[in-house]
Amino acid sequence: MKQDLLITGISQLVTAEGPGSKRGRSMHELKIIAEAAIAVCSGFITWVGKESDWTGEPATTVDVGGRAVVPGLVDPHTHAVWAGDRLNDFEARTSGATYESILAAGGGIRSTIRATATKSLDDLVADASPRLKSLIGSGATTIEVKSGYGFTPVAECNILEAILAVAAQLPAQILPTLLIHVPPANNGERANYLTTVCEELIPDVARRKLARAVDVFIEKEAWTVAEAELMLRVARKHGFATKLHSDQFHCIGGVELGIRAGALSVDHLEASGAEQIAQLAANSTIATILPGVSLHLGIRAAPGRRLIDAGVAVAIGTDLNPGSSPLFSTSAALALAVRLNGLTAHEALVAGTVNAACALGLTDTGRIEAGCRADFLVLHGKDWRELIYTLGANPVCEVWIGGRRVQR
Ligand code: NIG
Ligand code: FE
């Protein structure tokens, strides 16, 4: 059969084996093929194997010059659309203020909400575009982007529309999530806003198809488990997948709710303990860890090693946002998960590809295998481990998305 493309000259092709992660899936199952080739037709992979075993006829051959190839990375957790900056927070934190105390005093996320409210859709797109390009250049071929910097349905929908608009300009697969981030600062408005979210915002976002998933931030300074449970119930009723920001500073029941609600993933988990690890191990909700937050805020790293040892499927995201993780590189997030969360390089690759795809509900993404999207990276070196080893330089030489080279 005639193919569009045959990629040859691959020193090592490395991919997770088999379909998406499930409970108990080993994090170690990597397939490494030396002297490999990939055939591509209509944006999808049709054949993978040793170059010498290829017998079909391609339309075009591209030789990558003896370099390593890995699946395109999947960044399952970003907040790439925001306005303003958090440089004053950063400086205050270097003098001892904490992220939570800044938020409690009306700054932090709330200051970003105020700055974002003043921006037009075009401004938001213009600001978000270079951030997403940076993630793509670092190897991300699929990226989840959350709203969450709006205090009104109109502001949240404006952010979701900005995500869709920037997605239309970029080659990556970009998936929008509605994030219900923090309640109004004035406690008297809290119940009203919750009602507005459940009765107006979520139904409106569903009707206008502005997002695929709904996420809620559960924390002492954000929403309670009971409030989040209500929002997730409404979200599910409207056909959304669900996710949670959970156990970032306090372990107050977010993981348990995520499991109860059948969430795709629970994200953060810095404060999770043995009980949460055991519950995740007994269920299929993915544990998404965000090492950029531990680095930037200096908080305890999520227990990646213990989660994996217990049999939990772990994913990794950048959590790109101005306050807790100004990390503009998805491959650096993998590299940090090895240093901070105790993952091996193999595990980091699985967590940043196939498991991260599962955390977004995707089954044709994150692997180099026949039937999957032709999203892959050509590294500078011939050994794939440079992807995880390198700090402060970009180990990614070429980014291919849907069978097209979008960056070199
Ligand atoms: O995932 N902690 C909640 N939300 C984001 C941070 C957003 C911000 O600080 O602007 C997070 O860490
Ligand atoms: Fe986040």
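A residue is called buried when its relative accessible area is under 20%, exposed when it is over 50%, and partly exposed in between, using a 1.4 Å probe and protein chains only. By that definition, 61% of the 408 residues in this chain are buried.

Before we go further, a word on the source: this is a predicted model, in which local features need pLDDT of at least 70 and side-chain atom pairs count only at pLDDT 80 or more, while totals for chains, interfaces and linings use all residues. Residues are numbered from 1 along each chain as its sequence is written, and side-chain values use heavy atoms, with hydrogens and water left out.

Now for the overall build. The chain holds 15 helices and 15 strands, which are DSSP runs (helices: H or I, at least four residues; strands: E, at least two) numbered from the N terminus. The radius of gyration, taken over C-alpha atoms, is 21 Å, close to the 22 Å from the globule rule (2.2 Å times the number of residues to the power 0.38), so the chain is as compact as a globular protein of its 408 residues. Its C-alpha trace spans about 70 × 45 × 45 Å along the principal axes.

Let us finish with one residue, His296, which sits in helix H10, residues 291-297. Leaving aside residues up to four places away in sequence, His296 touches Phe90, Arg93, Gly323, Ser324, Ser325 and Pro326, where contact means heavy atoms within 4.5 Å. Contacts also tell us about the whole fold: of those between residues at least 6 apart in sequence, 73% join residues at least 24 apart.

Key
Chains are lettered from A and ligands numbered from 1 in the order in which they are written.
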